[in-house]
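Visitor: I have a structure to go through and would like to know how its parts are arranged. Please begin with the helices.

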Amino acid sequence: MEARVSQLDTPLPAEEIAHDVSVPDESQTGTQAIREDKVGSPCLDENPTKQVDTGAEAAISADGGGLLNYPSAEELIAKARAPVKKEYIRSAPVRSVTAKDEGDKNGTVAKVSVEKKSKRQLKRERKEGKKSAQNLCVAVARAGDVKACPYGENCRYSHDLDGFVAQKPPDLPGKCPFLYKPEPCHYGIACRFAGTHIERDSMEKEAVFNDTAYEMNGLNKDLQKLIWKKAVKFTKADDQLKKLGILGKGKPKMENIAQQQHGADNTGTKDDLQVFPKEERMDTESCALSNENNSLVFSVEDEDTEQNNGADCQHKTNCMEEELKSEPETLLAKDDLHISEVDRDAKMNLREKKLIDFRGKMYLAPLTTVGNLPFRRLCKLLGADITCGEMAMCVNLLQGQASEWALLRRHSSEDLFGVQICAAYPDMVARAVELIEQECTVDFIDINMGCPIDIVVNKGAGSSLLTKPARLQNTIKAAAGTMEKPLTVKVRTGYFEGRNCVHSLIPDISKSGAAAITIHGRTRQQRYSKLADWDYIYQCARQAPDDLQVVGNGDILAYTDWNEHLKNGSNLSTCMVARGALIKPWIFTEIKEQRHWDISSGERFDILKDFVRFGLQHWGSDKKGVETTRHFLLEWLSYYYRYIPAGLLDVVPQRINWRLPSYFGRNDLESLMASDSAADWVRISEMLLGPAPAGFTFTPKHKSNAYDSADNG
């Protein structure tokens, strides 16, 4: 969905738009058609010109623009449509037909000729761009002196201070976000608010630098160089992997298949040991479909039971044993494998299990892209208790990628903070948690075993681990035995729709060392479609051991949802709020105050202002920082518009699966915020961050309603 020209042609100042209570005409706000997907969840239509009647709009078109046949609130709710009061309903605006749409109508796709540049040409253009006056050296910009750069003429960036000042656009309105920091603005003359830096002279005399907040968990450059040189030693991780039967760096899993299946004592001669070659690394778990509750149950069973499960599993095991006999590799010492399975677990758990108390605390979910540090700061300001960083891939962390380590950054206001990691194999997870615990300040580490994204699942990580119970358990054991902080796990109810399996894994997850488990009430195949299965979450919570806290997740958009899920008998420690926080981040305030907040458009706009201020402090106040802040603001606005003000609804609270009709707000700003047009989101960003660059377009990154049953079985 690219940015389209908004119907709101006359710009209004931010301080005036919030107070304009006039009702706009039908063509005033650009909106995009909403369609119903396969399972009844709202999603954005790929064709912006397509018109779909959504209850109220059908009534309008039926009687020529009136509301005589407007459905009742009960009828709308029964069809998962938002019961907006009829006086605020408007007809869907007519879309202009684009070239792409014309091509679709003719059965062809419009093609755009794009000149393909070589890698050498792109590299040369990047090098020349760095030398342009727009890319001023950071040291020169900070000091305002061309002699400040330690690299001198060898610097890769421009030292043309006069040229930079000549082409620099006018300063943005407002004050520099670093004005009240003890140290001067890091961006100097490159700051888009540089004109306000002069105020520091009088502030220094009055000593009013009261903003002492800071960030932590940055990637040390020396550590990054050691990682690149592969000079980092993972002592704890390698010891734990050896206890599990997995050798150190570069070695495969070394467990004896027969011993794992029989559960027998591992005592024997070296000639009796069987080893996994690296290229044949695979799991030996068997899969049995339970007739009860239509649930898929995974277990590691003995030989007799496995034969009953079918010839395929037996054939797979026989083939693996033949491969092992034909290609023996380095064997473990006998002393490492003479312990029985029970004794091995006891040895790994000599230290007391690390516990964490989530009970009754409001937990903001780790949210990819939109769950960035500025957004978490905002949610902390609005009442969240627990925050968690965006999912980071272990392989990227172990390669020293700065962009991945940036996902681990923590703000000083996040008093109970965790990071979330994801990987396919125990060795990656064990080494990553050792490195994180050594270099970062965190309260817990969460392993994502429920991510439904194809690129993650296809690599054997995320939800894919739900189909590999042995590897899942080893991953948790490897991490829990390596780290000192509590370990938590996030999963979905299962992989395939209608085949929930997590209840059968919970006892093993607890024994492996996890202190808490978060259950998202959907399968991997469902993605974010249909409603979360909270009854199954309750069932899992009742079956969980006392030392394993269970956190529920899915479809929380009001304090009544929170209360319902934490009622007596649910056995849940707390609930995790995900998309509900993106749609209305003040949900944490509503939960604490136990009320439905009919928040005004001005108050919602102030929340956006706070996010922009936090974003500029995090990403920077120069040109690049401003545009990065704009990008993440727009990503958030692609969720933010879905909120329907409580005063406009016949029935409160709003449900997360309700489809939104086209409607007016109570003033121009509220109408603008209700638009699902990317052009109107860009306009909101311009009210906060100034004009967007020439030719700027925006397409949301997320596809939250994807439901690809063909690809996922």
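Helices, a pocket and some loops

Guide: Where α10 passes α18, the crossing is right-handed. Helices here are DSSP runs (H or I, at least four residues) and strands are E runs of at least two, numbered from the N terminus.

Visitor: What should I know about the model itself?

Guide: It is a predicted model, where local features need pLDDT of at least 70 and side-chain atom pairs count only at pLDDT 80 or more, while totals for chains, interfaces and linings use all residues. Residues are numbered from 1 along each chain as its sequence is written, and side-chain values use heavy atoms, with hydrogens and water left out.

Visitor: Back to that pair. At what angle do the axes of α10 and α18 cross?

Guide: Roughly 150°, and the axes of α10 (residues 235–243) and α18 (residues 426–439) come within 8 Å. α10 is therefore roughly antiparallel to α18. Axes are lines fitted to C-alpha atoms, for helices over the stretch in contact, and angles run from 0 to 180 degrees between N-to-C directions. Under 35 degrees counts as roughly parallel, over 145 as roughly antiparallel, 65 to 115 as roughly perpendicular, and the rest as oblique.

Visitor: Which residues of α10 and α18 meet?

Guide: From α10, Thr235, Lys236, Ala237, Asp238 and Leu241; from α18, Pro426, Asp427, Ala430, Arg431 and Glu434. Contact means heavy atoms within 4.5 Å. By class, that contact has four nonpolar residues, one polar and five charged. Ala, Val, Leu, Ile, Met, Phe, Trp, Tyr, Cys and Pro count as nonpolar, Asp, Glu, Lys and Arg as charged, and the others, Gly among them, as polar.

Visitor: How does α10 pack with α20?

Guide: The angle between α10 and α20 (residues 469–482) is about 135°, and their axes are 9 Å apart. So these two helices, α10 and α20, are oblique to each other. Lys236, Ala237, Gln240 and Leu241 of α10 meet Lys477, Ala478, Gly481 and Thr482 of α20. This contact divides into three nonpolar, three polar and two charged residues.

Visitor: New topic. How much space is in the second largest pocket?

Guide: The second largest pocket holds about 960 Å³. Of its 29 lining residues, Asn135, Asp622, Lys623, Lys624 and Gly625 are closest to the centre. A pocket is an open set of points on a 1 Å grid over the protein atoms alone, where a 1.4 Å probe fits, with protein on both sides within 12 Å along at least five of seven lines; lining residues have an atom within 4 Å of a point. Points are joined across faces, edges and corners, and the volume is the space filled by probe spheres set on them.

Visitor: Which helix gives the most to the lining of the second largest pocket?

Guide: α27, with five residues. α6 (138–143), α7 (161–167) and α27 (623–640) each supply at least two. The lining has 15 nonpolar, seven polar and seven charged residues.

Visitor: What angle does α27 make with α29?

Guide: About 140°, with the axes of α27 and α29 (residues 678–689) 10 Å apart. That makes α27 oblique to α29. The contact residues of α27 and α29 are nine nonpolar, three polar and two charged.

Visitor: And the loops? Where is proline 653?

Guide: Proline 653 sits in the loop between α27 and α28 (668–673). The peptide bond from valine 652 to proline 653 is cis, with omega near 5°.

Visitor: What is phi of alanine 80?

Guide: Phi is near 60° at alanine 80, a positive value in a residue other than glycine. Alanine 80 is in the loop between α3 (73–78) and α4 (99–105).

Conventions
A crossing is left-handed if the near helix is turned anticlockwise from the far one by less than a right angle, and right-handed if clockwise.
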